[in-house]
Amino acid sequence: MLLCCKFFISEGRNIATLDAVERVARSNPETVIVHKFHDRTYNRARYSLVSYVLHDCTGNAIYSPLQQTVVAMAEAAFNAINLELHDGAHPRLGAVDDIVFHPLARASLDEAAWLAKAVAADIGNQFNVPVFLYAAAHPTGKQLDTIRRELGFYRPNFMGNQWAGWTMPDILPQTPDRGPIVVSRAKGISMIGARPWVTLYNIPILSTDVSAARRIARKVSARGGGLPAVQTLRIVCEDFNEIACMLLEPNQIGADRVQNLVEMLAAQEGLDVEKGYFTDLSPEMIVEQYMNLISTKKSSP
């Protein structure tokens, strides 16, 4: 029974910081980094880690090496990242911005939620960081985009389409699920959740027309009347725009349907589109990668 953690930090440029976080992750032989992604324009990175989960005699989850590893990675990130000095094209609320757990193989969503809540308690208590739980980790299943919208995640605070520094009040308008209501400007807020597998797929729009890209992103999203279970975010890059897509039910609404709709909407705007790209592996590829890497670790002297 395996769990995958996707660990997002607000840093995609400082190689020393990225190396420090990765070094901590690799120090635990029972967890495996199966994939990583970072983007300088976004100034954001994501590590995908996998390990097992153990149960007691009644079947309740009681231990996963991911807990210790993820908390140690958070400590390394908090020590190296100052959100007041951060800027980028991707919205963010925290130095450790988002941690999500997915069940793999025979693991269940309940086990992923158990681990999310355990990690949230550790991060809230050890680092005095406000933590908001979401999806299966939240008592009522509150979704990530709802919480982010309430906290102003999607509102740029720099140059109209960028995010820089920290502009929220020191006392949060909402009470977090874990940790203090007073927020450190350097560390910010962390979102921690558990949900079934989500596919992340980005599509470049070959234009600097921000308004057109915003219209396309809106029309593709479920919120804007587009594809069900698809969330979108328009990102302004140096000489083009990008539609970052979160496919919440990838087996029902896949990347091909999203790509086709974006191309159709872009054509109506007179714009060209590149073929999109996945920022992570599929669940099947991640399990295969994990099995190969863990076998290599065990056979190493």
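I looked up Arg 149 in this predicted model and found its side chain in a salt bridge with Asp 145, at 3.6 Å from N to O. Both residues belong to helix 4 (residues 144–150), and as they are four residues apart, about one helical turn separates them. I noted Arg 149 as partly exposed, with a relative accessible area of 31%. Asp 145 is buried, at 16%, because the cut-off for buried is under 20%.

Within it I checked the pair Asp 97 and Arg 44, whose side chains meet at 3.0 Å, N to O. Asp 97 is buried, with 1% relative accessibility. Arg 44 is buried too, with a relative accessible area of 9%.

Next I looked up Lys 6, which forms a salt bridge with Asp 280 (3.5 Å, N to O). Lys 6 is in strand 1 (residues 2–9), while Asp 280 is in the loop between strand 14 (277–278) and helix 7 (283–299), so the pair links parts that are 274 residues apart in sequence. I recorded Lys 6 as buried at 3% relative accessible area and Asp 280 as buried at 10%.

My search of the whole structure gave 12 salt bridges.

Last, I checked the annotation. An unreviewed UniProt entry places "domain: Formiminotransferase C-terminal subdomain" at residues 199–290. That span is 36% helix and 25% strand, and its end C-alpha atoms lie 18 Å apart.

Definitions and conventions: Residues numbered from 1 in each chain as written. Predicted model: local features only at pLDDT ≥ 70, side-chain atom pairs only at ≥ 80, totals over all residues. Heavy atoms only, no water. UniProt positions renumbered as here; feature names shortened; annotations may be inferred. Helix = DSSP H or I, 4+ residues; strand = E, 2+ residues; numbered from the N terminus. Salt bridge = Lys/Arg side-chain N within 4 Å of Asp/Glu carboxyl O. Buried < 20%, exposed > 50% of the residue type's maximum accessible area, 1.4 Å probe, protein only.
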